[in-house]
Amino acid sequence: MDISVVAAAREDDSPVDEPLRVAALADRLGYREVWAGEGPTWDAFVLATAIGLATERVTLTAGPVPVSVRDPLTIARGAASAAAVIGRPVGVALGTSSKRVVEGVHGRPRTRPAAALAQSAEAVRRLMHGEPGEEIVPGSTFCRRQRPPGGPLTVAAFGDRAIAVAAAHADRMLLDVVSPEQVRALRGKLTAAAELAGRTPPRLAAWLPAAVNPEPESLRQILRSIVGYLTVPGYSDVFAAAGFGEAVDLARSDATPETLLAALPPEAANTLALVGDASTVRARIDVYAEGRPRRDRGGACHRGRPGGGADPDGVGGPGVRVMETDEAHPLHHGRMSDREELPAAVDAEALLALAEAYHARGTRALGTRETSGHLVKVYAIEAPGRVVTERDESAALRIAGAHLALGRTRGSLGLAVLLVHAGGDGDYVLACNWIEGYMSDLAVFSGPAGQPELLRPGRVGLAPCVWEAAVLAHERDAFAWHLLDGSGPVPDRLAAWGADTMAGDVR
């Protein structure tokens, strides 16, 4: 599961440039995506452009943009303009927002929001894939001059009609501040709606406030961000079931936000947020991940903006993409634990020894290179105390180049992933090449630590270790999402594929 960051103004007395500083920190820490939020303070596309100029690697999604405020061309043009300036893909998120924003701030009517969302999503998706030289809109005398923005189309949804729009038109559906139970229910609705639309279900993301070892003020910010959800249908029941029915009743009596904030105990933050020490937050993420489908492997847990003010009538805030489990599997029902003894080949002692020594390893994306006519995404994987050097990377690229030179005879599609692994017991280089027939070709090389000139082909049958497999699992999804399920011309799909990398610790 990937964690990305929402950079959005808090609409209080916080510094106006806080989203820029949050995004820059996210980039330095290796997060792969930043969401540039729209609000009364910042225009989403201007903010995305400013973030792109202040960062080096992160991909960007602008929005959610209220569809009642901007026409489809304005939205697609904003994304394309931002992408042209920063030289990286820019995605767009669409939402219906709320009367408080659309009518109260922009002075525009918010009528038939679900219909407006459907019309906008269909038009924006088409416009985001137009080519230079085409009519900028059908029937216009103006021609398109910008390249497509290259990023995904996200639709923020909660109600059934908005979910149907996401299923029909989006690459990704966004949920705003949800419980694990809501994620499972909404995932089911999305899957059913996609089946009716004849599409593969879009990826699922959610925005969640998060704080690790929070100070009292940070916890208060998170509580403030969820107060507005106490009376929202679908949320009030979640709070009541969690034991906060008195706060729900108080909210229904039109109590002020400050009164509600005082009535909510600190533990209420655990209902819709990731709060606690590192192990608690990690366990909470796992709870969200229990329902994620295999296709969302490597999906995104989007960390909430710091204490962001919630807009429960609209969509704007932080997210987690979740995985569904196979509940029919015997391990989920305790059948394996009913056995009096394990099968003879199961080495319990060895498994426990591995578990005791198990640890995270750092992963870095080193960029996309061209070698032997192939586009190659390069990653470094580093055991504790080990570093992948430029010398290691150069040696790995030479090895991969020699291997890929014969790629055409194996049906190569010209795309590959290269893992340079400074391991605990030696060095490893893995070259995974996508080939015809939805297949891949894998070559593994190994050698003593710190001596890349001694890397040699691994023994027959040698396969990726758990850390290498985690990166390759992400790359399988990146290939499927952007190249196979993607739309638009191949250069744009390749740009999105190249930008979709993972970084940080893997386990």
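## Cavities in the predicted model

The second largest cavity has a volume of about 70 Å³. The structure described here is a predicted model. In the whole structure, a search finds three cavities of 30 Å³ or more.

## Lining of the second largest cavity

The residues that line the second largest cavity are Arg386, Val388, Asp392, Val420, His421, Ala422, Asp427, Tyr428, Val429, Pro452 and Leu455. Strands β14 (412-422) and β15 (427-435) each contribute at least two residues to this lining. By class, the lining of the second largest cavity has seven nonpolar, one polar and three charged residues.

## The largest cavity

The largest cavity holds about 210 Å³ of space. It is lined by 18 residues, and those closest to its centre are Glu33, Thr59, Pro152, His482 and Asp500. Two or more lining residues come from each of β3 (59-66), β5 (150-156), α15 (466-484) and α16 (490-499). The lining of the largest cavity divides into six nonpolar, six polar and six charged residues.

## Packing of two helices

Two packed helices are described by the angle between their axes and the distance between the axes. Helix α3 (residues 72-86) packs with helix α5 (residues 113-127) at an angle of about 40 degrees, and their axes are 9 Å apart. The two helices, α3 and α5, are therefore oblique to each other. The crossing of α3 past α5 is right-handed.

In this contact, Pro72, Leu73, Ile75 and Ala76 of α3 meet Ser120, Ala123, Val124 and Leu127 of α5. The contact of α3 with α5 comprises seven nonpolar residues, one polar residue and no charged residues.

Note on methods:
Residues numbered from 1 in each chain as written. Predicted model: local features only at pLDDT ≥ 70, side-chain atom pairs only at ≥ 80, totals over all residues. Heavy atoms only, no water. 1 Å grid on protein atoms, 1.4 Å probe; cavity = no way out; pocket = protein on both sides within 12 Å on 5 of 7 lines; lining within 4 Å. Points joined across faces, edges and corners; volume = space filled by probe spheres on them. Helix = DSSP H or I, 4+ residues; strand = E, 2+ residues; numbered from the N terminus. Nonpolar A, V, L, I, M, F, W, Y, C, P; charged D, E, K, R; others polar. Axes fitted to C-alpha atoms, helices over the stretch in contact; angles between N-to-C directions. Parallel < 35°, antiparallel > 145°, perpendicular 65-115°, else oblique. Left-handed = near helix turned anticlockwise from the far one by under 90°. Contact = heavy atoms within 4.5 Å.
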